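Colleague: I am new to this structure and would like a close look at a single part of it, followed by some account of its surroundings. Here is what I have open.

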Protein chains: 2
Amino acid sequence: MANGARTRKKSADRRDELIRATLESIGEACSLDVTVGEIARRAGVSSALAHHYFGGKDDLFLAAMRSLLTAFRNDVVARLSEAETSRTRLSAIVCASFAPAQFAPNTVAAWTIFYAKAQSSPRYGRLLRVYVRRLRSNLQHELRGLPVAGDLEDAAEAIAAMIDGLYLRQGLQRAPAERERAIAITEKLIDGLLAHSPLDSGWRSRA
Amino acid sequence: MANGARTRKKSADRRDELIRATLESIGEACSLDVTVGEIARRAGVSSALAHHYFGGKDDLFLAAMRSLLTAFRNDVVARLSEAETSRTRLSAIVCASFAPAQFAPNTVAAWTIFYAKAQSSPRYGRLLRVYVRRLRSNLQHELRGLPVAGDLEDAAEAIAAMIDGLYLRQGLQRAPAERERAIAITEKLIDGLLAHSPLDSGWRSRA
DNA sequence: AAGTTTATTGACTAGTCAGTCAATCGTGCA
DNA sequence: TGCACGATTGACTGACTAGTCAATAAACTT
């Protein structure tokens with residue numbers, strides 16, 4: 001409908017657009033050093049509206065981070081519910097971590113920035129620790145159903161670190177198809193962590 | 001010597017102080033969003049002097065990053081020359097990565113920031129790729145002297161990712177003694193990557 | 001239709017910051 | 001001693017930005 005420049009939308013829609021624009025901006029700049037004006041322009045609104053909805057720049061950023069976290073969590077939950085064994089549930093977590101949506105360059109950049117920021121800012125830190133704890137809890141829970149060789153907590157930490165490390169390194173290489181490779185490497189790590197790991201681990205990457 | 005407020009120093013000294021102050025500032029803020037004035041204040045000089053020596057903010061940041069990279073490289077080279085076998089040289093790389101100086105919170109934060117920035121800025125990217133390539137090359141070279149189970153390049157990538165991942169996650173946990181744990185986890189990964197890995201892998205962490 | 005609420009913006013402010021420049025001050029050299 | 005060069009700075013500016021506010025206009029209520 002040719003409504004022209006002035007369209008009014010529901011509050012939630014505007015919020016979503018602003019958060020999307022925020023993640024885009026942060027992702028492209030690979031830094032939190034982006035202006036509210038730039039974000040608003042991307043969302044097609046005035047900067048005053050961004051302040052109206054989110055209060056301040058920091059609140060907007062935190063909302064964007066929260067959106068990343070919940071998107072990931074929802075994906076994990078959905079995939080977990082579809083898997084039947086502990087081993088395949090581990091694979092589900094891996095798959096979720098490297099899902100195309102999560103693995104997009106801008107998303108990776110945003111995660112990295114938030115990871116860094118979380119180390120100095122309490123507000124960001126609290127948010128990120130929720131994610132870290134939940135992922136650790138999930139990993140440990142599934143590992144408990146498997147014959148882990150060695151310390152279980154270390155195994156969970158190893159998997160989490162491998163995921164984060166591969167995630168972080170994504171974007172530095174030029175080659176595509178890094179996604180499949182990241183999954184393969186992580187799966188191999190998991191198999192290595194399991195005692196008497198059979199060659200066939202039962203995982204299968206999804207296109 | 002009570003020289004008072006006005007002391008003149010050699011150019012190189014001032015540069016070092018400014019770079020140190022830059023890394024401190026970036027590390028504390030966990031972001032590149034620090035002012036030249038703040039950095040200069042930390043170094044005990046005027047902001048004009050920082051511009052005098054480095055030209056601009058970006059050049060100062062790049063110099064700081066370069067300093068991180070060469071410090072790490074020097075440490076790796078030193079440790080590599082002391083190790084005798086491929087396996088112990090791998091451990092040397094691990095030890096260097098988690099050396100207390102490299103593992104300090106501020107240093108970790110600075111690395112993380114640079115990692116993120118490297119994905120969008122060509123200048124930062126070039127710099128970081130040098131480090132990534134060299135580390136990869138080192139890892140692959142040592143792995144060639146060992147019975148690797150599976151793809152050698154994937155094994156090198158796995159080790160590198162594990163190091164980066166543990167590195168990134170450092171600072172999120174509250175517990176100390178993460179250093180030893182990070183080393184242990186990485187060593188275990190390496191052993192897992194080697195065919196018929198013996199229980200005693202020959203590495204020994206250094207206090 | 002009148003009134004209320006809510007979305008939306010342009011214009012403004014107060015503050016910040018990177019980078020410049022001319023002037024000052026040591027230090028070593030002829 | 002005098003000179004020249006590098007170190008160092010205070011003061012300044014031009015540009016930019018977060019956040020405010022009052023005004024407008026669409027949508028919703030009754």
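This is a predicted model: local features need pLDDT of at least 70, side-chain atom pairs count only at pLDDT 80 or more; totals for chains, interfaces and linings use all residues.

Modeller: Helix α7, residues 105–117 of chain B, and helix α8, residues 122–143 of chain B, have axes that come within 8 Å and cross at roughly 115°. On the α7(B) side the meeting residues are Trp111(B), Phe114(B), Tyr115(B) and Lys117(B), and on the α8(B) side they are Tyr124(B), Leu128(B), Tyr131(B) and Val132(B). Sorted by class, this contact has seven nonpolar residues, one charged residue and no polar ones.

Two helix pairs of chain A can be set beside that one. Helix α9 (residues 152–169) and helix α10 (residues 178–193) of chain A pack at an angle of about 165°, their axes lying 10 Å apart. With angles over 145 degrees counted as roughly antiparallel, α9(A) and α10(A) are therefore roughly antiparallel to each other. The crossing of α9(A) and α10(A) is right-handed. From α9(A) come Ala155(A), Ala158(A), Ile159(A), Met162(A), Ile163(A) and Leu166(A), which meet Ala182(A), Ile185(A), Thr186(A), Leu189(A), Ile190(A) and Leu193(A) of α10(A); by class, the contact of α9(A) with α10(A) has eleven nonpolar residues, one polar residue and no charged ones.

The other pair is helix α4 (residues 57–82) and helix α5 (residues 86–97) of chain A, whose axes come within 9 Å and cross at roughly 150°, in a crossing that is right-handed. Here Phe72(A), Asp75(A), Val76(A), Arg79(A) and Leu80(A) of α4(A) make the contact with residues of α5(A) that include Arg89(A), Ala92(A), Ile93(A) and Cys95(A). The contact of α4(A) with α5(A) has seven nonpolar, one polar and three charged residues.

As for how the two chains are arranged, chain A is superposed on chain B by a rotation of 180° with 0.0 Å of shift along its axis, at an RMSD of 0.0 Å, and that is the relation of a two-fold axis. The same surface serves both copies, since 100% of the contact residues of chain A recur in chain B. Among the residues of chain A, Gly165(A) comes closest to the rotation axis, its C-alpha lying at 1.8 Å.

The contact between the chains takes 43 residues from chain A and 43 residues from chain B, and the area buried between them is about 3800 Å², of which carbon and sulfur atoms give 58%. Within the area that chain A buries against chain B, Gln119(A), Arg169(A) and Leu172(A) supply 20%, more than any other three residues.

Note on methods
Residues are numbered from 1 along each chain as its sequence is written. Chains are lettered from A and ligands numbered from 1 in the order in which they are written. Side-chain values use heavy atoms; hydrogens and water are left out. Copies are superposed by least squares on the C-alpha atoms of residues with pLDDT of at least 70 in both. Contact means heavy atoms within 4.5 Å. Axes are lines fitted to C-alpha atoms, for helices over the stretch in contact, and angles run from 0 to 180 degrees between N-to-C directions. Helices (H or I, at least four residues) and strands (E, at least two) are DSSP runs, numbered from the N terminus. Angles under 35 degrees count as roughly parallel, over 145 as roughly antiparallel, 65 to 115 as roughly perpendicular and the rest as oblique. A crossing is left-handed if the near helix is turned anticlockwise from the far one by less than a right angle, and right-handed if clockwise. Ala, Val, Leu, Ile, Met, Phe, Trp, Tyr, Cys and Pro count as nonpolar, Asp, Glu, Lys and Arg as charged, and the others, Gly among them, as polar. Buried area is the accessible area (1.4 Å probe) that two parts lose on being put together, summed over both.
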